Amino acid sequence: MNATELRASLGLAGIYALRMLGMFLILPVFAIYAKTLQGADNHTLIGIALGSYGLTQAILQLPLGMLSDRIGRKKVIYGGLLLFAIGSFVAAGAHDIATLTIGRVIQGAGAISAAITALLADLTREENRTKAMAMIGMSIGTTFAASLVLGPLLAKYIGVNGIFALTGFLSLAALIGVWLVIPDPAQSRFHSDTEANAKRLPAVMKDGQLLRLNYGIFALHAAQMAMFVTVPFALIKTAHLDKSQHWQVYLPVTVIGFILMVPAIIYGEKKARLKPVFIGAIALMTAAQLGMALALDSFWQIVGWLSLYFIAFNILEATLPSLISKIAPADAKGTAIGVYNTSQSFGLFLGAAAGGWLYSHHGPAGVFGFTTLLMLSWLIWSLGMQPPKAVRSVMLHIGESWQGDAEALSRELAGVAGVHEASVLLADRVAYLKVSQQQWDEAEVRRLIDATF
C-alpha cells in the first residue's frame, strides 16, 4: 500500500470502529437499563427498542450506498454520522421507553457502512482492496469483543445514558476524522466488489447458495439480540452478579472463543475443509442455544453455554464473509454483500423484538427455544450446501485507454491455469478473478492484463 491507501484504510477502519463501538457498548447493559424507564414494564417494548436500530439500518443501508454514487461518499457519511449522533443524544436524554426507541430508530438511520466501503474502494487500488477491507473487518471484531467488557464497566461509572452520550460524541469525533484524516478521492465511480448493483439483485436473490448464507447471518444475529435481551437478567437473578460485574463473565468467554476460532479457520481454509468447519460451528451454536433453553440454573451453566456460544459465533462470523466472497459471482460481489448485510440488520431487529415478546410470555426457556429452532433450521438447510471451492478473489486494474473486447479477455483469463472465474468490466476498469488458493499462473494473468496498458 502507498501512503494514501494506508491513511485511508487505517482512517476508515478507525472511523468504522468508533461508530460500531457506539452501537456495541450498550448491548450487554441495554435491557437492564431499559427496564428502569417509564413504560418499560412490558419486555416486548424493551426488545423493540433494542432492535429498532436494525430495522432502519436494514431499510436504508442499500439506498444510502447507492445515493453516495450520486451526491458523493463523504456527504452521505457526514449525514449518517450526524444522524447517529442525534439519535445517541435523544437516547441519552430518554426517560421513557418510547423516547429511547425513537433515539435508536434515528441511530439506525445513519446507515453508512455501504458508503464507507465505497469510499475505501475509491481510495485504494484493486490489488490492495482486500487488505483494506480486512482492516475494517478486524476493527469490527475487536470493537465487539472490547465492548462486552467496557459496556458494563462504563455503565457503572457514567450510567447507560452516559454511554449513549459518549457514543454521540464518538460519532461527532468520527465525523471530524472523515473531514481531516480521510483523503478526498480523485474520482468516485461504481465498484462491483463493494457496492450493490440493482440490476444484479434478482440473480443474487435467487442464488440458493447465497440464500443459505443470508438466512444464516439473519439467524445468527437474531439469536444474538434475543440473547442480550435475556442473559443479563439471568446473570443478575441466577449468578447474583451486579450489572457492573458482567464483564467478568464476558471477558473470559470471548477470549476463549477467539483463541479456539483461529485454528478452526486456518484448518478450514488451508485444508479446503471450510464446509465441515462451518457445519460444525452451526451444530455447536445449536447445542449452545438448546443448553440455554434447558439449563440456566447456575453461574457455571451460564458460563459454559456462553463459552460454547462465543466459540461458535466467532467461527461463523469469520467464515460467513469468506463464503460469500467464494460463492458470489465475481461481478456481483458487492451486491451479494449488500444483501447479506441487510439480512443481518433485519435479524438484529426481529431477534430483539421476538426475544422481548417471548421473555415476557415464556421466560428464558421460550427465548432460547426459539433461537434453538432458528439454529436447527439453519443447520438442516446448510447440510445441502455445496462445498466452496478453495479460491480467493483477485482484482486487477485494466488500462484506462483500453477499449478491447471485454468478453474475449474474460475468456482468456478464465483459461489460465488456476483461474476458476474471470469477469472483465470496462465500466469499473477492473478484472475480477477467482483463483486457486494453492497455485495459479499469476505471470500469465499479469501478461494479459499488462497488454491493456
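**Ground rules.** I worked on a predicted model, where local features need pLDDT of at least 70, side-chain atom pairs count only at pLDDT 80 or more, and totals for chains, interfaces and linings use all residues. Residues are numbered from 1 along each chain as its sequence is written, and side-chain values use heavy atoms, with hydrogens and water left out.

**Entry: helix α14.** I looked up α14, residues 406-414. Helices here are DSSP runs of H or I with at least four residues, strands are E runs of at least two, and both are numbered from the N terminus. Which residues of α14 are buried? They are Ala 406, Leu 409, Ser 410 and Leu 413. They sit on the same side of α14, because they cover an arc of only 105 degrees around the axis. The arc is taken from the directions from the helix axis to the C-beta atoms. Glu 407 and Arg 411 are exposed on the other side. Buried means under 20% relative accessible area, exposed over 50%, and partly exposed in between, with a 1.4 Å probe and protein chains only. The cover over the buried residues includes β2 (419-425), β3 (430-436) and α15 (442-450). I also checked the N-terminal end of α14, which Asp 405 caps. A side-chain oxygen of Asp 405 lies 3.1 Å from the backbone nitrogen of Glu 407.

**Entry: Val 253.** I found Val 253 in helix α10, residues 247-270. Val 253 counts as buried because its relative accessibility is 1%. Leaving out residues up to four places away in sequence, Val 253 touches Val 303, Leu 306, Ser 307 and Phe 310. Contact means heavy atoms within 4.5 Å. I also took a C-alpha distance: Val 253 and Tyr 53, 200 residues apart along the chain, are separated by 26 Å.

**Entry: Thr 230.** Thr 230 is in helix α9, residues 208-237. At 0% relative accessibility, Thr 230 counts as buried. Beyond its neighbours within four places in sequence, Thr 230 contacts Tyr 359, Pro 364, Val 367 and Phe 368.

**Entry: second largest pocket.** A pocket is an open set of points on a 1 Å grid over the protein atoms alone, where a 1.4 Å probe fits, with protein on both sides within 12 Å along at least five of seven lines; lining residues have an atom within 4 Å of a point. I noted that 16 residues line the second largest pocket. Nearest its centre lie Ala 121, Asp 122, Leu 123, Thr 124 and Arg 125. α1 (3-24) and α6 (113-123) each supply at least two lining residues. The largest share, 3 residues, comes from α6.

Note on methods: A polar contact is a pair of N or O atoms within 3.5 Å; within protein, one must be able to donate a hydrogen and the other to accept it, and residues adjacent in sequence count only if both atoms are side-chain atoms.
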